[in-house]
Amino acid sequence: LYVPQFFRGIDLASRWPNTVRYMRDCASRESYGKAFGTDVQNYLLREELETGLEAAAAAAEKEKEESDGNDEKKKKKKLFGMF
């Protein structure tokens, strides 16, 4: 939760959506608000984490629509893992 708090505007959700979901779950806990203050908690939940997850979901949907016939090409490009 350090990164979205101090480096605002960084898009974590498009690359690590599961991590952002976990961060949202942590920030939504009552004890997080007590430890870091409700202003920080509300900022993270409203501004950074929610909008990032929405943007990641929209990007995933767009990519899925674009790749309807290109699945075989993508599989051939990734013969050696991430290369």
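Is Val3 buried, partly exposed or exposed, and at what relative accessibility? Val3 counts as partly exposed, at 33% relative accessibility (buried means under 20% relative accessible area, exposed over 50%, partly exposed in between; 1.4 Å probe, protein chains only).

The model is predicted: local features need pLDDT of at least 70, side-chain atom pairs count only at pLDDT 80 or more, and totals for chains, interfaces and linings use all residues. Residues are numbered from 1 along each chain as its sequence is written, and side-chain values use heavy atoms, without hydrogens and water.

**View A. Gln5 in helix α1.** Helix α1 spans residues 2–6 and holds Val3. Gln5 is found in helix α1 too (helices are DSSP runs, H or I, of at least four residues, numbered from the N terminus). Gln5 counts as buried, at 18% relative accessibility. Leaving out residues up to four places away in sequence, Gln5 touches Tyr32, Val40 and Leu44 (contact: heavy atoms within 4.5 Å).

**View B. Tyr2 and Phe6.** The whole structure holds three aromatic pairs (ring centres within 6.5 Å; planes under 30 degrees apart are stacked, over 60 edge-to-face, the rest tilted). The rings of Tyr2 and Phe6 have centres 4.8 Å apart and planes at 45°, so this pair is tilted. Both residues lie in helix α1, four residues apart, about one turn of the helix. Tyr2 and Phe6 are exposed. Ring pairs link Tyr2, Phe6 and Phe7 into a cluster.

**View C. Tyr32 and Phe36.** This aromatic pair is tilted, 4.6 Å centre to centre with 35° between the planes. Tyr32 and Phe36 sit four residues apart in helix α3 (residues 30–36), about one helical turn. Tyr32 is buried at 9% relative accessibility. Phe36 is partly exposed, with a relative accessible area of 49%.

Technical notes. Helix = DSSP H or I, 4+ residues; strand = E, 2+ residues; numbered from the N terminus. Phe/Tyr/Trp six-rings, centres within 6.5 Å; stacked < 30°, edge-to-face > 60°.
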